[in-house]
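Dear colleague,

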Amino acid sequence: MPQPSALYLRLPNWLGDVCMSLPCLQALLDTGRPVVVCARPWARELLSAYPLHGFIPMSGNWRRDGWAVRRYRRQAGHRRAAGILLPDSLTSALTFKLAGLPACGYRDDGRSLLLRWPLAKPKAQMHAVESWFHIVRQALLRWRLDPVPAAAPAALGLKLTPLQRQEGDSSLRQAALRPGDYILIAPTATGLHKGRVKVWPHFDALTRRLQALGRTVVMCPPPNEHEAALANAPTARCLPSLPLGAFARLCQQAQWVICNDSGVSHVAAAVQARQLTLCGVTDPEDTGPWSPRALCLGRDGQWPELQDVLSALQPVPEPA
C-alpha cells in the first residue's frame with residue numbers, strides 16, 4: 001500500500017482511556033498527515049485544542065458508525081486513508097471494515113481477518129499508554145511515515161485552548177478561590193470493576209480532617225454524578241459542573257487532586273496536576289495515572305487507610 005494520505009484514529013470509549021491515548025494522537029499529528037478522530041461525542045470538546053482534520057462521533061452501533069466513516073471519507077476525498085484501532089473490540093474493527101478503511105490494531109477477539117495489519121500483543125506487561133503507543137509505532141513503521149517515536153513520552157500532554165483555560169480560571173474567581181489554595185477531590189467513579197465498587201470509602205472523613213486543618217476542599221462533579229458526590233463527601237464545597245477542558249484547568253490549578261482510579265485521575269495526569277490516586281480494586285501498574293507528579297496509594301484488594309492518605313499529603317500539618 002502507498003503511504004496513506006490521511007490517518008483515521010479510533011479512540012477508546014472511556015474518559016481515562018482517551019487521556020491515555022493522547023500520545024498516540026500527537027504522534028500521528030506529528031507526521032503532518034491529516035488526522036481524523038473517531039470517538040464518543042464528548043471527546044470533541046476535550047480535544048478541541050488539537051489541529052484535527054475532522055472528528056466523527058461514534059454511537060457504538062458499528063453499522064451506523066461504519067457508514068458515518070465511509071461518508072466522511074468520500075466527502076473528504078481520502079481514498080488512500082488508513083486507520084488505527086486502539087480498542088480491542090470486534091465492533092471497532094467491523095466499523096472500519098464497513099467503511100472500507102484498511103486498519104492496524106491488535107488481533108484480539110478474532111479480528112485478524114478484519115485488519116489489514118493485525119498485530120500480536122507484546123508478551124511483556126505494559127501500561128495501557130505503552131500498549132496503545134506500540135500500535136501507533138508499528139503502524140508508522142509499516143507505512144514508512146516519519147517521525148517514528150522511540151517510546152511513549154513521560155507525560156500525556158493534554159493541550160488546552162485559551163477558552164478552556166479562561167473558563168476554568170473564571171470558575172475559580174466566581175468561587176473566590178485562588179490557584180494552589182484548594183484541594184480538589186473526586187469522590188465518585190462510575191460503574192463497577194469486576195463487580196466491585198471503585199470508590200474509596202473515606203472521602204467524607206478525609207474532607208472533615210482537611211477542613212479541620214484549615215484547608216479548602218472542593219469538588220466539581222459532572223451532572224450525572226452530582227448526587228453521588230454529595231453523598232460521599234457532604235461537607236465538601238461543590239462547584240458548578242464544567243466542560244472537560246475547563247475541569248482539566250481546575251485540576252491543573254489545584255494544590256492537590258485526590259481521586260479514585262477513574263477518569264479524573266487521568267485528566268489530572270494529562271495536565272500534570274499534583275495528584276493522589278487511591279486504588280483498591282484496580283492495578284495501578286496497568287492503568288494508573290501516567291504522570292511523574294502522580295502518587296498512587298493502595299492496590300487491588302486493599303484500599304489505603306485514612307491516615308496513609310493524610311500522611312501522603314504532607315506538608316499539610318497535623319492538628320496540635
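Which residues does Thr 188 touch, not counting residues up to four places away in sequence? Please keep in mind, when looking for them, that the model is a predicted one. Thr 188 is found in the loop that runs between strand 7 and strand 8 (192-193). The residues it touches are Val 199, Glu 225, Ala 228, Ala 229, Asn 232, Asn 260 and Ser 262. The relative accessible area of Thr 188 is 10%, and buried means under 20%, so Thr 188 counts as buried.

In general, the strands of a sheet pair through backbone hydrogen bonds, either parallel or antiparallel. Within this sheet, strand 7 (residues 183-186) and strand 10 (residues 217-219) run parallel and are joined by two bridges. Leu 184 has Val 218 as its bridge partner in strand 10.

The loop between helix 11 and strand 13 holds Val 271. Is Val 271 buried or exposed? With a relative accessible area of 9%, Val 271 is buried. Leaving aside neighbours within four places in sequence, Val 271 is in contact with Leu 158, Leu 160, Ala 248, Cys 251 and Gln 252. Val 271 and Arg 293 are 22 residues apart in sequence, and their C-alpha atoms are 9.9 Å apart in space.

Salt bridges

Side chains of opposite charge can pair when their charged atoms come close.

Lys 121 lies in the loop between strand 6 (117-119) and helix 6 (128-143), and Asp 88 lies in the loop between strand 4 (82-85) and helix 5 (90-98), so the pair ties together parts that are 33 residues apart in sequence. Both residues are partly exposed: the relative accessible area is 38% for Lys 121 and 27% for Asp 88.

Another salt bridge is formed by Arg 249 and Asp 169, and here the closest N and O atoms are 2.9 Å apart. This pair links distant parts of the chain, as Arg 249 is in helix 10 (residues 244-253) and Asp 169 is in helix 7 (residues 162-174), 80 residues apart. Arg 249 counts as buried, at 15% relative accessibility.

The side chains of Asp 204 and Arg 208 also meet in a salt bridge, at 3.0 Å from N to O. Both residues lie in helix 8 (residues 203-212), four residues apart, which is about one turn of the helix. Asp 204, at 24% relative accessibility, counts as partly exposed, and Arg 208 is likewise partly exposed, at 45%. Finally, salt bridges that share partners join Asp 88, Asp 108 and Lys 121 into one network.

With kind regards

Definitions and conventions. Residues numbered from 1 in each chain as written. Predicted model: local features only at pLDDT ≥ 70, side-chain atom pairs only at ≥ 80, totals over all residues. Heavy atoms only, no water. Pairing = 2+ DSSP bridges. Buried < 20%, exposed > 50% of the residue type's maximum accessible area, 1.4 Å probe, protein only. Contact = heavy atoms within 4.5 Å. Salt bridge = Lys/Arg side-chain N within 4 Å of Asp/Glu carboxyl O.
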